[in-house]
Amino acid sequence: MTQPIHILNGPNLNLLGTREPDVYGTLSLKEIEQACAKHARDLGYEILFRQSNHEGELIDWLHDANVNACAVVFNPAAFTHTSVALHDAVRAIEPPVIEVHLSQTAAREAFRHHSYIALAARGSITGLGLQSYLLGINAAITSLGN
Ligand code: DQA
């Protein structure tokens, strides 16, 4: 059986819906999960959707994805701009990792312009809200076997 796509979410994304809706939109993380599950299922894939506020837990989940996922869609949130450890974990695993962001980080504060994850990910999709996740799923599937 095909392994699921793991969709991993970093800190503060549990607050989506009420957190800076002008920047991140009004969808809750649960609603994003439901849209991802439907989109993936329509394409013949299951997902495992997780969120953590803790860097180490995200590292453990990337290691878990190395064994149990066919691909990863990853929104590392603020750790994008700070974490060499997450960069190393993305480099260390076999499945393709697609970085996604709801907001257009390149058009925001200078400290959001650099991504440690982009240096290691297969590709990045930013600035499209929910569509970043759905296109991330498409990209993850397209990357399989490549
Ligand atoms: C984010 C962008 C990051 O800069 C920020 O720290 C987040 C969310 C996004 O999805 O737009 O928490 O990853």
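Trainee: How are α3 and α4 oriented to each other?

Mentor: This is a predicted model. In it, helix α3 (residues 55–68) packs on helix α4 (residues 84–92) at an angle of about 5°, with the axes 9 Å apart. Angles under 35 degrees count as roughly parallel. α3 and α4 are therefore roughly parallel.

Trainee: By class, which residues make up the contact of α3 with α4?

Mentor: α3 contributes Glu55, Leu58, Ile59, Leu62, His63 and Asn66, while α4 contributes Ala85, Leu86, Ala89, Val90 and Ala92. By class, the contact holds one charged, two polar and eight nonpolar residues.

Trainee: How much of the ligand's accessible area does the protein cover?

Mentor: The residues around the ligand include Tyr24, His81, Ser103 and Thr105. Oxygen atoms of the ligand lie 2.8 Å from a side-chain N or O atom of asparagine 75, 2.8 Å from a backbone N or O atom of leucine 102 and 2.9 Å from a polar side-chain atom of arginine 112. Of the 320 Å² of accessible area that the ligand has on its own, the protein covers 99%.

Key. Residues are numbered from 1 along each chain as its sequence is written. This is a predicted model: local features need pLDDT of at least 70, side-chain atom pairs count only at pLDDT 80 or more; totals for chains, interfaces and linings use all residues. Side-chain values use heavy atoms; hydrogens and water are left out. Axes are lines fitted to C-alpha atoms, for helices over the stretch in contact, and angles run from 0 to 180 degrees between N-to-C directions. Helices (H or I, at least four residues) and strands (E, at least two) are DSSP runs, numbered from the N terminus. Angles under 35 degrees count as roughly parallel, over 145 as roughly antiparallel, 65 to 115 as roughly perpendicular and the rest as oblique. Contact means heavy atoms within 4.5 Å. Ala, Val, Leu, Ile, Met, Phe, Trp, Tyr, Cys and Pro count as nonpolar, Asp, Glu, Lys and Arg as charged, and the others, Gly among them, as polar. A residue is near a molecule or strand if one of its heavy atoms lies within 4 Å of it. A polar contact is a pair of N or O atoms within 3.5 Å; within protein, one must be able to donate a hydrogen and the other to accept it, and residues adjacent in sequence count only if both atoms are side-chain atoms. Accessible areas come from the Shrake-Rupley method with a 1.4 Å probe; for residues, only the protein chains shown count as cover.
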